[in-house]
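Please look at the sequence and the model before reading on.

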Amino acid sequence: MERQLSFLWQECPGGARLLKVYGDTPCPALPERIGGLPLREIGPYCFAEKPVPAGTLTLPAGMDAAQLHAVCGNFVESVTLPDSVHLLDSAAFYNCRSLHRVELGAGIDALGSDLFTNCRALACLAVRAEPDAPTGLRKLLGCVSADVTAEFLDGSGRVTAQLFYPEYFELLDENTPAHIFNHSIEGEGYRYRQCFSGGVLQFGEYDAAFAQACVGEPADKLCRIALGRLRYPFALDAAARGVYTAYLAVHLSDACRPLIAARDLEALRFVRSLDGLSPCDLAAVAQACGAAGFGPGAALFLGGRRATAKKSYTFDDL
């Protein structure tokens, strides 16, 4: 049975700074208040396997410190932060190699350095906010140069917008005799991360970047961009919808391959509903599902074939 979470914390301006979390769950959901104070900051190396700093320890009734298990390092898989948190301090998730998701509110406005260093499994940043509201998402995306998906969630936790940001690289080349460094950026992920104004995501700019991305990004990543926008079409105009739909129709196998591997039947059902898919396309996806041992997916695409009309007979036929 999962025990309640325990916290090591200290006071900070306006509330509490979290220093360490203890418990049995790899997916902690942190409370709005700790020690009677609003949780405002996630401290340095909070979820990293680092020496524990001095602070106030809050334990559930009936538990002693000898029973504590730190929620840190490779044990951490996802973290849900309350809306009260506004600062994530340096290296808060350092070396959390199993961390794949972070959910937080719209009020993040300050980030330390090396926030997600070596978080190689991080795949999703989820923000509880309206998609057209100002958030700290741009700052968060600036801390992740690898492939990552951003989601906006409504009050019930339902996804209202989903955007994929491909990987990019920053390179420094030294001209040795002159000691001059040339800075260059490779990958369209950097361009996508700039589609903000005043902390508000600009969906039109994001969609307009797709044409340039088609020049340099592989088909599997372009399919993830298109699929996310079509499934959750917040502020998606007709022109962009047509471009994304046409691209997925031409690259159906690339779009479905990761969905089949993840056994994501809901996403496959959405793909099946798109216009412009030929019988050969559907058969190819069904075959891929069958080869992967994913029967429900194969049935979904085989079931799209038009059934022949049932023959009716009259007395004269007999």
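How many of the five residues of strand 10 are buried? Four of the five residues of strand 10 (residues 124-128) are buried, so strand 10 is largely enclosed by the rest of the structure; here buried means under 20% relative accessible area, exposed means over 50%, and partly exposed lies in between, with a 1.4 Å probe and protein chains only.

## Basis and overall picture

This is a predicted model, in which local features need pLDDT of at least 70 and side-chain atom pairs count only at pLDDT 80 or more, while totals for chains, interfaces and linings use all residues. Residues are numbered from 1 along each chain as its sequence is written, and side-chain values use heavy atoms, with hydrogens and water left out.

The secondary structure of the protein comes to ten helices and 16 strands, where helices (H or I, at least four residues) and strands (E, at least two) are DSSP runs numbered from the N terminus. Of the 318 residues of the protein, 43% count as buried. If contacts are taken between residues at least 6 apart in sequence, 55% of them join residues at least 24 apart, a contact being heavy atoms within 4.5 Å.

Strands of a sheet pair through backbone hydrogen bonds, either parallel or antiparallel.

On one side, strand 10 pairs in the parallel sense with strand 8 (residues 101-105) over five bridges, and V102 stands opposite L125 of strand 10. Strand 10 is also joined to strand 11 by five bridges, again in a parallel run, with V127 opposite F152 of strand 11. Strand 11 (residues 148-153) and strand 12, by contrast, run antiparallel and are joined by six bridges, and the bridge partner of L153 in strand 12 is V159.

## Two helix pairs

Helix 5 also meets helix 6 (residues 238-250), their axes coming within 9 Å and crossing at roughly 135 degrees. That angle makes helix 5 oblique to helix 6, since angles under 35 degrees count as roughly parallel, over 145 as roughly antiparallel, 65 to 115 as roughly perpendicular and the rest as oblique. The crossing of helix 5 and helix 6 is left-handed, a term used if the near helix is turned anticlockwise from the far one by less than a right angle, with right-handed used if clockwise. Helix 5 contributes residues including L222, I225 and L230 to the contact, and helix 6 contributes residues including Y244, Y247 and L248. By class, this contact of helix 5 with helix 6 has ten nonpolar, one polar and two charged residues; Ala, Val, Leu, Ile, Met, Phe, Trp, Tyr, Cys and Pro count as nonpolar, Asp, Glu, Lys and Arg as charged, and the others, Gly among them, as polar.

Helix 8 (residues 265-272) and helix 10 (residues 295-302) pack at an angle of about 15 degrees with their axes 10 Å apart, which makes helix 8 roughly parallel to helix 10. Their crossing is right-handed, and the contact is made by L265, L268, R269 and R272 of helix 8 together with P296, G297, L300 and F301 of helix 10. By class, the contact of helix 8 with helix 10 has five nonpolar, one polar and two charged residues.

## Individual residues

Phi of A91 is near 55 degrees, a positive value in a residue other than glycine. A91 lies in the loop between strand 7 (87-88) and strand 8 and is buried, with a relative accessible area of 4%. Phi of R263 is likewise positive, near 55 degrees, in a residue other than glycine; R263 is placed in the loop between helix 7 (252-261) and helix 8, and at 39% relative accessibility R263 counts as partly exposed.

E41, in strand 4 (residues 37-42), counts as buried at 9% relative accessibility. Not counting residues up to four places away in sequence, E41 touches C12, P13, A16, R17, L18, H86 and L87.

Terms used
Axes fitted to C-alpha atoms, helices over the stretch in contact; angles between N-to-C directions. Pairing = 2+ DSSP bridges.
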